[in-house]
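Hi everyone, thanks for coming. Let me put the structure up on the screen, and then we'll walk through it together.

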Amino acid sequence: QDEEIIAIHAGLDITLPLDEQPDDVRLRKRPWELGLEHYPGPKWLAVGHTPTQQLEPTAFGKPLIQGRVLYMDTAPVSSGRLCALHLPSLQIICSD
């Protein structure tokens, strides 16, 4: 976490402070289990673990931005495309 972004593997319980997040939430939960569509910000939230096409079928192999949440799992094993988030610029860089 820095002034502009929280980066987390899987999910974030928006009702709890960052230092009180349970391991199963941070490591295993899916966005729809946590209500991340209601994440209020103000910081950006960068999330992996859930391939973007599970959230939006047209996002296969692409990062997905919904509100203040950046979904970064592009399913590189099946899509062949790996993406990264450059900090502090918040630029998304993807392989071709």
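Let's start with Met72. Setting aside its neighbours within four places in sequence, Met72 is in contact with Val47, Pro63, Cys83, Ala84, Leu85 and Ile92. Please keep in mind that this is a predicted model. Is Met72 buried or exposed? Its relative accessibility is 14%, and buried means under 20%, so Met72 counts as buried. One more thing about this residue: the C-alpha atoms of Met72 and Thr52 are separated by 7.2 Å, although the two are 20 residues apart along the chain.

Strand E5, residues 83-86, and strand E6, residues 91-94, run antiparallel and are joined by four bridges. If you look for Leu85, its bridge partner in E6 is Ile92. Together E5 and E6 make a hairpin, with four residues between them. Have a look at Leu90 in the turn, too, which has a positive phi of about 65°.

Now, how many disulfides does a search of the whole structure find? It finds one. That disulfide is formed by Cys83 and Cys94, with their sulfur atoms 2.0 Å apart. The link of Cys83 and Cys94 is right-handed, with 110° about the S-S bond. Cys83 lies in strand E5 and Cys94 in strand E6, so the pair ties together parts that are 11 residues apart in sequence.

Last stop, the cores. The largest nonpolar core has 13 residues, and those touching the most other members are Leu12, Leu36, Tyr39, Leu45, Val47, Val69 and Tyr71. At least two residues of this core come from each of strand E1 (5-8), strand E2 (44-47) and strand E4 (69-71). There is also a second, separate core of five residues, and it includes Ile5, Ala46, Leu70 and Cys83.

Methods: Residues are numbered from 1 along each chain as its sequence is written. This is a predicted model: local features need pLDDT of at least 70, side-chain atom pairs count only at pLDDT 80 or more; totals for chains, interfaces and linings use all residues. Side-chain values use heavy atoms; hydrogens and water are left out. Two strands pair if DSSP finds at least two bridges between them. A disulfide is a pair of cysteine sulfur atoms within 2.5 Å. A nonpolar core is a set of buried Ala, Val, Leu, Ile, Met, Phe, Trp, Tyr and Cys residues joined through side-chain atoms within 4.5 Å. Buried means under 20% relative accessible area, exposed over 50%, partly exposed in between (1.4 Å probe, protein chains only). Contact means heavy atoms within 4.5 Å.
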